[in-house]
Amino acid sequence: MAKIFIKTYGCQMNERDSEQVTRMLMQRGHTITAREEEAEVVLLNTCSVRDLAEQKALGKMGMLRTLSRDRPIVYGFLGCMAQSRGSTLLDEVPHLDLVVGTQKFHRVADYVDEAIERKWTARFNDARYSVVDVEEEENSQSTIRDHVLGGRQVTAFVSIMQGCNMHCTFCIVPYTRGHERSRPIPEIVGEVKTLVDKGVKEVTLLGQIVNLYGRHEFATVKGKSPFVQLLEALQEVAGLERIRFTSPHPIGFRTDLIESFGRLTKLAEHIHLPLQSGSNRILKAMHRTYTAEKFISLVERIRSVTPNVAITTDIIVGYPGETEEDYARTREVVERVGFDNAFVFKYSKRKGTPAAKIEQQLPDSVKQVRNRDLLELVNSWAKRRSERFIGREVEILCEGPSKTNPTRLAGRTRENKIVVFEGAPQHVGALLKIRIVRSTGYTLYGEPISH
Ligand code: SAH
Ligand code: F3S
């Protein structure tokens, strides 16, 4: 049995995949350690979406080479970078043993055991043993289904689909995650019921284009997309209090979904709606197939049904050929929508994607200036959008001690705002009414209301 250190880079889907791997390793009797210095097996679950993420994982793996123990250490890269770089990683990182791609997470425990056997037993002591498995696997979308729930964990992620067929020109995800595949509704409902039985009250449904869930597999029924049908099925799960999802694509965010927010009481009022750019020229080049006007009108339609909704987004600055004029359009849309928050990314050239081949790549200095400028604008909106809660009574789901001050508790509103308050241990896991008294930009502070 080994002590295993797993580190995850990137998105919530990667976190979720690591949870599946963790669970399978624990079932084999291994222990998971948060302390890399005592690790006997090192697994890095990687992200490829920007170069920086890859460099971080490569740097970490390099640093951990010097871990010395009384038996050889097993090193593995999992996930997106493993998928996109495959066996070339073995040349780049000589001490690497395992390279396991995004459709093979359920095989990691086997490979770890095999590597341990090979490297630890005198019989083999096979120092150059290595496995590269980046094949496709039928039904791999259904292999991410088990959870590791901490003590009184009340929120959980649920992967409902894998892959993406959209092929935005900047994005490596279709290459690392493969084509779209969705799980059947009963299977997802079953997973959520199991979670609720263990105390979970809020689930976040995960997919790269989550609103297009099931479009290849399942039919639209009475004008309702498979995704809305799934939301309706989850609305019926007794004991489940809140449903979230991330990330939808503006394309396919149709009336049936917009109206669900008015109808399905468990659907929380937060939508992460990636904009990417506010310039129609750049959107077209990115292959996003909507315009700034369409995006704004979608936001207006959402707000007309759900006035309180929080809307967050992803924006890329410095896409190849982006002019000052294009960037000004992005600023305009940000001003116009007033996002509750936004992730701003400097365009990063990803090998093999169409945008990487465009000649007019922008210098980092230009990206840097736009990035900083946009962040400032986004932050000022985030502040305003938080302050609207001051004086209001909100419902929060208490998740546990506050990360910044463990003597206080923290939870989230339905709009996904973090609220810190003085509470009692029995509040953990409960839905509470809180009056918001102040805001520090991103965090709200409040007092429980006793009835
Ligand atoms: N639809 C996915 C998007 C995955 S990538 C989801 O569910 O989140 C997350 C975000 O990273 C994208 O929305 C985009 O804004 C950003 N991104 C993707 N590729 C990028 C690149 N090459 N450079 C900079 N940012 C990128
Ligand atoms: Fe990437 Fe576009 Fe899909 S951002 S994940 S190709 S919707």
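I began with S247, which sits in the loop between β11 (242–246) and α9. Helices (H or I, at least four residues) and strands (E, at least two) are DSSP runs, numbered from the N terminus.

The model is predicted, and local features need pLDDT of at least 70, side-chain atom pairs count only at pLDDT 80 or more, while totals for chains, interfaces and linings use all residues. Residues are numbered from 1 along each chain as its sequence is written, chains are lettered from A and ligands numbered from 1 in the order in which they are written, and side-chain values use heavy atoms, with hydrogens and water left out.

**Entry 1. Backbone in two loops.** I looked up the peptide bond between T246 and S247 and found that the bond is cis, with omega about -10°. I then turned to N139, in the loop between β6 (131–133) and β7 (155–159). N139 is not a glycine, yet its phi is positive, about 70°.

**Entry 2. The three-stranded sheet.** I traced an open sheet of three strands, ordered β12-β13-β14, with parallel pairing. Its edges are β12 (270–272) and β14 (341–346), each of which pairs on one side only. Two strands pair if DSSP finds at least two bridges between them. I noted three bridges between β12 and β13 (residues 310–317), which run parallel. Within that pair, I271 of the sheet has I311 in β13 standing opposite. Helix α13 (residues 364–387) packs on the sheet and touches β13 and β14, its direction making about 175° with that of β14. Contact means heavy atoms within 4.5 Å. Axes are lines fitted to C-alpha atoms, for helices over the stretch in contact, and angles run from 0 to 180 degrees between N-to-C directions.

**Entry 3. α12 on α13.** I followed α13 to its helix partner. Helix α12 (residues 324–337) packs with α13 at about 10°, the axes being 10 Å apart. The two helices are therefore roughly parallel to each other (angles under 35 degrees count as roughly parallel, over 145 as roughly antiparallel, 65 to 115 as roughly perpendicular and the rest as oblique). From α12 the contact takes E324, Y327, T330, R331, V334 and E335, and from α13 it takes R370, D373, L374, L377, V378 and W381. I sorted the residues of this α12 and α13 contact by class: six nonpolar, one polar and five charged. Ala, Val, Leu, Ile, Met, Phe, Trp, Tyr, Cys and Pro count as nonpolar, Asp, Glu, Lys and Arg as charged, and the others, Gly among them, as polar.

**Entry 4. α9 and its two partners.** I took α8 (residues 226–235) and α9 (residues 255–263) next; their axes come within 9 Å and cross at roughly 15°. That makes α8 roughly parallel to α9. Their crossing is right-handed (left-handed if the near helix is turned anticlockwise from the far one by less than a right angle, right-handed if clockwise). On the α8 side I listed F227, V228, L231 and E232, which meet D256, L257, S260 and R263 in α9. This contact of α8 with α9 divides into four nonpolar, one polar and three charged residues.

I then paired α9 with α11 (residues 292–305), where the angle is about 30° and the axes are 8 Å apart. These two are therefore roughly parallel to each other. The crossing of α9 with α11 is right-handed. T255, I258, F261 and G262 of α9 make the contact with L298, R301, I302 and V305 of α11. By class I have five nonpolar, two polar and one charged residues for α9 with α11.

**Entry 5. The barrel.** I found five strands closing into a barrel, in the order β15-β16-β17-β19-β18, with mixed pairing. Strands β16 (residues 409–413) and β17 (residues 418–421) run antiparallel and are joined by four bridges. I marked L409 as standing opposite F421 in β17.

**Entry 6. Ligand 2.** I listed the residues around ligand 2 (one heavy atom within 4 Å): C164, M166, H167, C168, F170, C171, V173, P174, Q208, I209, H249 and R288. This shell counts eight nonpolar, three polar and one charged residues.
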